[in-house]
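Please read the following note with the sequence and the structure at hand.

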Amino acid sequence: MRPTGHHRGRASRFDVIVVGAGAAGAALAARLAEDPDRTVLVLESGPVPGLPPLFAPELLDARLVPGARPGHRAVQTYPALLAPGRPYTVVRGRVLGGSTTVNGGYFVRARREDFDRWAATGGGPVWSYERMLPFLRALETDLDHGAGPLHGDRGPVRVRRTDLRHPAAAAFGAAARRLGHPAEPDKNAQDEPGFGAVPSNAVDGVRVNTGLAYLSSTQDRSNLFVEGDSTVLSVVVERGRATGVVVERHGRRRTVRGGEVVLCAGALRSPQLLLLSGVGPRAGLAALGIPVVVDVPAVGARFGDHPQVVLEWLPRRPSLPEPVGSWLGGALHLPASGGAHPAGDLEILQSLVPMAGLTGGRVSVPGAPLAFLVSVQTPRSRGRLRLGSADPAAPPSLDHGYLATAGDRRRMREVVRITAELAATADFAEVTAGLLEPVPGVLADDRLLDEWILQHLGTCHHTCGTVPLGSAVDAYGRVHGVAGLRVADTSILPTPPLRGPAATAVLIGEIVADAVRRGLT
């Protein structure tokens, strides 16, 4: 890998231009560059530290979540509307490694049901779990299970499960067992959902983002160039083919030519770039004065994410020990009532660092409550992304469409009440003096609980489906109607997975790179 600016003096045309060095982009670029005759340029809008010592300490400390701090210099913010009357600020990583540099280090695979659903809605047989499993094994080094039918030991991403010996994590596990929830020791297998440790790309307290996992080992590759502080403004399309990108760096704009362009800028920026380039719904583009290259109505038309609320509880003792390896404790997955999603679409995720610490960049906040992050991960796509301006610097409009149906609200009430039930067990009482809220009277009343949820509603930042398989791209990310242009990030998942999508984003980079290398152009 040649760092910023080192491609100058070479030919101005590259075989592949990768836009974004995040979860998918870093994986895709590194794999493509394994073929020495292919030149690859990665354009990252944020900074590109080349080695771990050059990253800010909080970007490596797995006990912190920089993405919980909207003002952090490594994140890009987007205004959003989660539900009527509930504005919000959504964040994405803007640095080498993308959101894997600022997220929680949650690295859980999608479920078999997810792959079946994606295969049926545009992915075809290539998206089956059986076809994906070899890629999942190849991208990881599982430090707990090693090599075997389900896991790999030679991949770039090192995976270790969170430590459940912390008193709060142990109490959570005991409470889950008391209420009859099964153990799930390997959440990257396809076993019955239950309580278990969280697979993470954080090892020995260090968050290893995909930029470090995939690109730091490519320092000597003369065919791979990574340029930071370079914001792509649009894709150049000539006679129906993508031939390059317009990029701005330090206030100067230029056009970079390439044989193929792959957008890996994330589920918010990739669709925005398509729309700015004239690829999207004809009427919306025309209204903004953007020349229509190809009418693709599905771009931005629907997206999915996971709604979340935080339930805080007060420790019984003045201070529990600080976590050692990760801010994450255990996780419980269970199905919502009604049996529609047996793979466990309700998630209760434990934080061993107070929310005040996560938002303030501190591991210890004496006297502060700890929290459960409670979410519904049912695969729904009711959000919409639209451009409000043809200015590339103007963020798109995001409407998540949360809590739109009675079923949505019922599932949120259910997971909040289950969390309260767990916190009220004798086992969890060993560590807690009780939940701060919602209070019992609110918990018992559907209307009051709906109001409380809306007031506290957040999101998991798991956006998927803004450029979906089938209706916008094919199984290998090729954009309909534009040769030489692909999308390779969670934009292409028609619905969000039943688990957080970080591991799936890396998988997308792997499978699209494999398609390019096999000549599926």
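1. Asp114 has a relative accessibility of 0% and therefore counts as buried. This is a predicted model, and the remarks below should be read accordingly. The side chain of Asp114 forms a salt bridge with that of Arg117, at 2.6 Å from N to O. Both residues belong to helix H3 (residues 112–123); because they are three residues apart there, about one helical turn separates them.

2. A second salt bridge joins the side chains of Glu227 and Arg249, with an N to O distance of 3.9 Å. Glu227 is in strand E11 (residues 224–227) and Arg249 in strand E13 (residues 241–249), so this pair ties together parts that lie 22 residues apart in sequence. Glu227 and Arg249 are both buried.

3. In the whole structure, 34 salt bridges are found. One of them is formed by the side chains of Arg517 and Glu34, at 2.9 Å from N to O. This pair links distant parts of the chain, 483 residues apart: Arg517 is in helix H13 (residues 502–517), while Glu34 is in the loop between helix H1 (23–32) and strand E2 (40–43). Arg517 is partly exposed, its relative accessible area being 33%; Glu34 is likewise partly exposed, at 33%. Salt bridges link Arg517 and Glu34 in a network with Arg31, Asp35, Arg38 and Glu510.

4. Which charged residue is buried yet has no salt bridge? This is Arg269, a residue of helix H7. The nearest side chain of opposite charge is that of Asp391, 8.2 Å away, and a salt bridge requires a nitrogen-to-oxygen distance within 4 Å. The side chain of Arg269 does, however, reach two backbone oxygens: that of Val232 at 2.8 Å and that of Pro392 at 3.2 Å. Beyond its neighbours within four places in sequence, Arg269 is in contact with Tyr78, Thr231, Val232, Leu233 and Pro392.

5. The next point concerns the sheet beside this helix. Four strands form an open sheet with mixed pairing, in the order E4-E3-E22-E21. Strand E4 (86–93) and strand E21 (384–386) are at the edges, and each pairs on one side only. From one strand to the next, the twist averages 30 degrees. Helix H7 (residues 266–276) packs on this sheet and touches strand E3 (75–83), E4, E21 and E22, with its direction at about 45 degrees to that of E21. E21 pairs with strand E22 (residues 397–399) in the antiparallel sense, over three bridges; Arg386 has Ser397 in E22 as its bridge partner.

6. Another open sheet has three strands in the order E5-E6-E8, again with mixed pairing. Strand E5 (140–142) and strand E8 (199–200) stand at its edges with a single partner strand each, so one side of each has no neighbour in the sheet. E5 and E6 pair in the parallel sense over three bridges, and Thr141 has Arg158 in E6 as its bridge partner. Strand E6 (residues 157–161) pairs with E8 in the antiparallel sense over two bridges. In E8, Ser200 is the bridge partner of Arg160, and Pro199 is that of Arg161.

7. Which side chains of E6 point to the buried face? Val157, Val159 and Arg161 point to one face and are buried.

Conventions:
Residues numbered from 1 in each chain as written. Predicted model: local features only at pLDDT ≥ 70, side-chain atom pairs only at ≥ 80, totals over all residues. Heavy atoms only, no water. Pairing = 2+ DSSP bridges. Axes fitted to C-alpha atoms, helices over the stretch in contact; angles between N-to-C directions. Contact = heavy atoms within 4.5 Å. Buried < 20%, exposed > 50% of the residue type's maximum accessible area, 1.4 Å probe, protein only. Lys, Arg positive; Asp, Glu negative; His and termini not counted. Polar contact = N/O pair within 3.5 Å; in protein donor to acceptor, adjacent residues only side chain to side chain.
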